[in-house]
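Hi,

Here is the structure I promised to pass on.

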Amino acid sequence: MKIGKMLEINAKEKVYKIHRLKIEEETPVGIEYTYIPSSLFPGLTETMIEDDLFYNVFTNKYGLKLEKAKIFFSTIIADEYEAALLNIPKGEQLFVLERFTHTEDQQIIEYSRFIIRQEKSRYYIEVKL
């Protein structure tokens, strides 16, 4: 399975799939797909992640030590599903961010894919020299 490869786990291992629509000022701005291995987060509930950041849940509730997140940037053209969710015309260009979160021992504990409206987004990268 593709998600198993992304998380570097056995394809038969169970995974939580979290699908959320990000809304700002009543406007849909992004679609989030997050996948985390269920074996690392026993008892995870919707309530736990509803009003908190994933990273807070990972560290505060499960005691994981996070080291880094790798984020890849790309673009796609909105298909019918994305256009309908984001209330935009089909074919509009969208940002895609793919995030891999690693623990101190280099275990990937999260893979997220964010599909974001470009006109509602502004990102930067800061490099410390």
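Below is what turned up, starting with the ground rules.

This is a predicted model, so local features need pLDDT of at least 70 and side-chain atom pairs count only at pLDDT 80 or more, while totals for chains, interfaces and linings use all residues. Residues are numbered from 1 along each chain as its sequence is written, and side-chain values use heavy atoms, with hydrogens and water left out.

On to the packing. A nonpolar core here is a set of buried Ala, Val, Leu, Ile, Met, Phe, Trp, Tyr and Cys residues joined through side-chain atoms within 4.5 Å; buried means under 20% relative accessible area, exposed over 50%, partly exposed in between (1.4 Å probe, protein chains only). The largest core has 17 residues, and Leu7, Tyr35, Ile88, Leu94, Tyr111 and Ile115 touch the most other members. Helix H1 (2-7), strand S2 (27-37), H4, S4 and S5 each give it two or more residues; helices (H or I, at least four residues) and strands (E, at least two) are DSSP runs, numbered from the N terminus. Apart from that core lies another, of eleven residues, including Ile36 and Met48.

Thr103 sits in strand S4 (residues 93-103) and counts as buried because its relative accessibility is 4%. Leaving aside residues up to four places away in sequence, Thr103 has contacts (heavy atoms within 4.5 Å) with Lys65, Leu66, Glu67 and Ile109.

Asn87 lies between helix H4 (80-86) and S4 and is exposed at 64%. Gln106, between S4 and strand S5 (108-117), is partly exposed at 35%.

Cheers
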